[in-house]
Amino acid sequence: MNVPEFIRRKREGEALTPDEIKEFIDGYVAGNVPEYQVSAFLMAVFFKGMTPEEAAAFTRSMLESGDRFDLSDIEGPKVDKHSTGGVGDKVSMILAPLMAAADCIVPMVSGRGLGHTGGTLDKLDSIPGYKWNLNEKDFKKVLGKVGCAIIGQTDNFVPADKQLYSLRDVTATVESVPLICGSILSKKVASGVEALVMDVKCGSGAFMENEERANELARNLVEIGTALGKPVSAIITQMNQPLGIAVGNALEMRETIDILKGHGPSDAREITLVLCAEMLCLAKKAANPVEAHAKLSHLLDSGAALDKFKHWMEAQGGDPDIIDKPSLLEVSDETDVVEASRAGYVQSVMTRDIGVACNTLGGGRMKKTDEVDLTVGLLIHKKPGDKVEKGEPLATLHHRGGKGLEDAKKLTANAYRLGEAAPAEELKSVIGEMRAR
Ligand code: URA
């Protein structure tokens, strides 16, 4: 194929045919199209977008680039959730055992951090012994035994996304609706799910910063999911503040355990319950979200979800003692504090910069080959609407030997906008919902 011509046509906003999209993706996966051409293509898509037909063809080509899991021999409804990426988002590690406790099967294939957002696999890496690199057979064994499992992409699992995901991360081409839809839906369909709930994050810490963009992404996810034969619902959730108070890999795992024990920040608990309630309805195990929410709250408060978490850890090699001894999740004890420069109320928190601050401390990647320091991160003490006194801590930064500390402190201090009066409106956890018709 004439790749420069293919890129030029996309650059000029022309629609590409399904066959040429497939040829391009296949060529990339086979190593015949170099990354500099793929990067140029991604940037052209970023600026010119794709038609619904192109986006569906792009998703299908990615799906067909590798293996698909067959979960038909495992009993129970296979439902999953996927987030479009946020800051402090530890929902998956609470949701998977909670849904398993509600007799659903949650076959999660997760990824690394992308841009300023955290990644589930990096968080799981902070658990001593946890193995996310299971093959299909062992993945299915854990699913059959526990009801949930979280793994990384196996060698031949949507290789097109495996390659594109890390390339997008370092070429500033993440925030594109068709690229996000292709990435997420190809993996979810390949993982063998029957129904999917999308957590579309909206706000300064999300890839979609306003409601219009978040609605556009939600609509595309629901429509492309439907075109691929899967019922998809989208819940648009708040990302104008970090979710919960912990940002950083081991810190977030500690908070996960807190929430599974019935404690922890209410926003992270509530968003998890809303997403789970939608999943339970799609799995036809509840008549409506209200009934589902009540059932799931009980499973969380009774310790049933925590019990599942323990079994899940045992099945994937993770040390279950982290439940009673969260200090086994190693967090750096070197800390510094960002204080309020004046008294007043927090008007807003530029949440993206909190994610970037975490990366700057070493908690995320700036380039593909960077090692992540799982022990660093931030604890957020003040969120929008909170009253602060001059000199009160806004956030505590856990760092390693001062690496990135000065920049991370600046980013955190500048992320906060303080004002005289409390903001007129409280931030809602759930901003909107979209379902297939
Ligand atoms: N999550 C994904 O898996 N892919 C994206 O493109 C964004 C979030």
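Student: What distance separates the centres of domain 1 and domain 2?
Tutor: The centres, taken over C-alpha atoms, are 30 Å apart. The contact, meaning heavy atoms within 4.5 Å, takes 11 residues from domain 1 and 13 residues from domain 2. This is a predicted model, in which local features need pLDDT of at least 70 and side-chain atom pairs count only at pLDDT 80 or more, while totals for chains, interfaces and linings use all residues. Residues are numbered from 1 along each chain as its sequence is written, and side-chain values use heavy atoms, with hydrogens and water left out.

Student: Where do the bounds of the domains come from?
Tutor: They come from an automatic or database domain assignment, which gives domain 1 (3–49), domain 2 (79–325) and domain 3 (331–419).

Student: What makes up the area buried between domain 1 and domain 2?
Tutor: Buried area is the accessible area (1.4 Å probe) that two parts lose on being put together, summed over both. Here the value is about 1100 Å², and carbon and sulfur atoms give 78% of it. On the domain 1 side, Tyr-28, Leu-42 and Phe-46 supply 49% of what that domain buries against domain 2, more than any other three residues.

Student: How many salt bridges are counted between domain 1 and domain 2?
Tutor: The count is 0. To be counted, a side-chain nitrogen of Lys or Arg must lie within 4 Å of a carboxyl oxygen of Asp or Glu.

Student: How do you know what span to expect for helix H2?
Tutor: Helices (H or I, at least four residues) and strands (E, at least two) are DSSP runs, numbered from the N terminus. The expected span of a helix is 1.5 Å times one less than its number of residues. H2 (residues 18–29) has 12 residues, for which 16 Å is expected; its first and last C-alpha atoms are 17 Å apart, close to that figure.

Student: Which residues of H2 are called buried?
Tutor: Buried means under 20% relative accessible area, exposed over 50%, and partly exposed in between (1.4 Å probe, protein chains only). Glu-20, Ile-21, Phe-24, Ile-25, Gly-27 and Tyr-28 are the buried ones. Their arc, taken from the directions from the helix axis to the C-beta atoms, is within 160°, so they line one face of H2. The face turned away carries the exposed Pro-18 and Asp-19. The buried residues pack against helices H1 (3–11), H3 (35–48), H4 (52–63) and H8 (159–169).

Student: What makes the phi of Asp-103 worth a remark?
Tutor: Most residues other than glycine have a negative phi. Asp-103 is not a glycine, yet its phi is positive, near 65°. It lies in the loop between helix H5 (91–101) and strand E2 (106–110). Ala-172 also has a positive phi, about 55°, without being a glycine; its loop runs between H8 and helix H9 (177–190).

Student: Are Asp-103 and Ala-172 buried or exposed?
Tutor: Asp-103 has a relative accessible area of 56%, so it is exposed. Ala-172, at 54%, counts as exposed too.
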